[in-house]
Amino acid sequence: MSFNDLVGQDLAKTILKRSLKADRLSHAYLFIGESGLGKDIAAFEFSKAINCHESEDDSCGECISCRKAVNNNHPDIKEIRPEGASIKIDQIRELQQEIIYKPYESKKKVYIIYSGDKMNIQAANSLLKTLEEPPSHAIIILLADNVNKILPTIISRCQLIRFKRVSELLIKDNIISNYGLDEKKADLITALSGGRYKVALNLIEDQELLQERDRVLDLIISFKGIDKVEAFSVVQDLLDDRERISQILDQILVWYRDLLVLKLNKEVNLVNIDYLDQLEKESNGWNIKGLEDIIKLIEETNNVIRGINVNLQLSLEVMMLKLIRLRGKNYDQGNRGYF
Amino acid sequence: MAYVSLYRKWRPQDFSDIAGQKNIIKTLENAIRMDRIAHAYLFCGSRGTGKTSTAKILAKALNCTEGPTTLPCGDCEPCKKIKNNNSIDVIEIDAASNRGIDEIRDLRDKVKFAPTEGNYKVYIIDEVHMLTTEAFNALLKTLEEPPGYVIFVLATTEPHKLLPTILSRCQRFDFSKLTIEDIIQRLDYICKKEGITISNEGLKVIARNADGGMRDAISILDQVISFAGENIEEKDVSVVLGLVDRELLFDLTDILIEKNIDQGLALINNIVREGKNATQFINDLINHLRNLLLIKECSSVDKLIDLTDDDKVRLDKQVDEVTSQRLLNWVDILKKVGYDLKRTSQPRVILEMGIIKLINIDKDRSMDSFLDRLTQLEDKIKEGKIQVSDSNNNKKVEESQKPENDQANPKTQLEENKVVRIKSPADLKLEDVKERWEDILDYFRQQKKMRLQALLRDAEPISIDGNKLIIAFEHEFHKDSVQREKDSVASVLKKFLGVSLKVNCIFSGNNEDVGSEDDILDHPLVQEVVRVFNGEVVKVSSLD
């Protein structure tokens, strides 16, 4: 195990390695990037490398410190995760009490805060002073999916490390060589992953995910001839997957995005490449304006569901009804254009 | 000594060290000189503007063995202790972690003990906006009249969260965001002391991206040093910040001008794949368009635009290709994209939609794009480029415009012609009205006539009788409300359909039973009335 396990992310790796080598470790890091880009792996490897006895700018995986870390019983690497929906102020207070004690056996004491964007307001504010001037033996690593959900006062105290989407070629090569997939399947999984290596891995390892996706796509395709009554039953279907609703909406969003891209006659960069036939069929009937409106609609619904405490069923029903109306207005109207 | 982050290492140590904030420093210095030190200060302002640092310097100035002085020596015992955060007389409280009433009670109890080594006991309460309401209220009396040796300094980024009673008891200082020059100056100073060489351009990029926060700026510098070592070029900074090359902005603007969706999407794809900072990219693009706009509109812009000569030449070239109205519209769209980006989990889709919007602005139906197209048309008329051909033919488009609008224009023309053609109400069919109904409702909404829109939403046009449009409502009350405003409805109808129609509202309750006498007689309500009053129905007639 070492930084090499992280696929892509050259910039992040370079910055971290160079600061290890030059002994310029900051006391606070903020890893930013969508989920599935390998922030957690990077944070873990980084914390190992900081305390590794052997290697200067990486973790050796052999020394006692690295082995302890791999077995999850390193006394000086602490992890903080959301308790329930958010990270609470008490968790941060606990961190503040613990952090003043010297590390047991290593040079540095490393705190990794997963889902830093899930800290509630009180927790985030209470972290500020500690984050600015922790004891010299402490390093805090914050991980977050969305930089806009982090207080500007927190960002300004940390070294910001950005994680990028990995190039599709790299993902494809990696999954082919590691899992021996055939070309076609590798292409599909690469497209679906959208540059997020972990998503690709999940898709390979968990067969059900692909089936699940087919199910959702079938549902989306069935939107075609749907009427208002059926819309409510679709919502019931969706409600069965309450926990995954955000991903499902993303899937619907991506579907319409594909339609839009196809409508503009660009076959490049489609995500659902295995559904090309259906996509082509459907995109003929649409006009651009309608697709744009639908994408906006789904995006708004998703924001509402994620951001605010709303009645899930109601917002989904409203979305479906609006979707039907938009379809009625914009689908298969020949060349009605934008009016 | 172990490595310490630059922003901690180079924390300002006396008043002259603080970048910007000239007025605040002057006020504080004068207060010390004239021995008019207030007992409670409130420092507010955005992150990295020097609130906590100023508070600490103030504490030093007051407690220095030579003090109170405007020039704390930094060498005496109290000064050193304050610098290392272990003075007993300067108490720094993290109000965000200790936010309850109990902590404030504790503070109140301790306030009465005199300072042990210095002249003053200074309480620095940082992040004070996080105190609970109870805690704030418990603090009020102490804050108003503390013992003579106690000074409170409250620091916060969010002064609007404080109680008015707290605000009125403090001298308030608003720390402003630092200017780019201030930041560059300070960064330059730090670089020299640290033995780092960095190009002027690089400093500028850092300063611009720090958004007025000195700590942000020094953090970025620190990171760039970690990345690039002791010699730093502009491109190192861009790489670390995930900035989009300026070249790309020029390219994208060209693409927008040429309306090349292919290349536009490819470019967005590149940006997403490279993991560039999407929000920053949108801001950069807006800034680029702003530069174009300034060049277009102003005679001398050298002071307003801060670019190399090469870039200026390129800007000049691009300027000729666009109108200012169009630039303004682009900026409007980009502003919306920037806002959406902050909330989305799918930045790529939002960016793609944005670029499609920018390019397809002609096919958009919003007010902005109409204005845009109108100005383009006006310009063309001014230049006399328009050739009107046979009007039976749907082609009024002049040659040069055809290729770019090939998809939308015939349709537009069709629609427009339809409006013009229908002159007498007799030509108008119910289908035409129904077809435009959604648009008409949308129009009401845009006109901020929400009520009318909502009322009409559950109504439907059911027939056209001569020059009357009959609209059926499901609720009597809705019918009456619209009836009162039928003139404004009629005027909108005229706008959309090109015909003057009178509006007649009827109450349908249920669409089927309109008109049929038997249905009305069979209605349970009617029967109930007949039963209760023990009467009979003499006549059925319409209210209208």
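**Notes on the predicted model**

1. In chain B, β8(B) and β9(B) make a hairpin with two residues between them, and G466(B) in the turn has a positive phi of about 60°. Strands here are DSSP runs of E, at least two residues, and helices are runs of H or I, at least four residues, both numbered from the N terminus. Strands β8 (residues 459-465) and β9 (residues 468-473) of chain B run antiparallel and are joined by six bridges; pairing requires that DSSP finds at least two bridges. E460(B) lies opposite A472(B) in β9(B).

2. The model is predicted: local features need pLDDT of at least 70, side-chain atom pairs count only at pLDDT 80 or more, and totals for chains, interfaces and linings use all residues. Residues are numbered from 1 along each chain as its sequence is written, while chains are lettered from A and ligands numbered from 1 in the order in which they are written.

3. Chain A contains an open sheet of five strands with parallel pairing, in the order β2-β3-β4-β1-β5. Its edge strands are β2 (77-80) and β5 (159-162) of chain A. Strands β3 and β4 of chain A share five bridges, and K109(A) has A138(A) as its bridge partner in β4(A).

4. Chain A is divided into domain 1 (3-162) and domain 2 (206-330), with bounds from an automatic or database domain assignment. Their centres, taken over C-alpha atoms, are separated by 37 Å.

5. V153(B) is in contact (C-beta atoms, placed from the backbone, within 7 Å) with residues including Y41(B), F43(B) and L58(B), leaving aside neighbours within four places in sequence.

Note on methods:
Contact = placed C-beta atoms within 7 Å.
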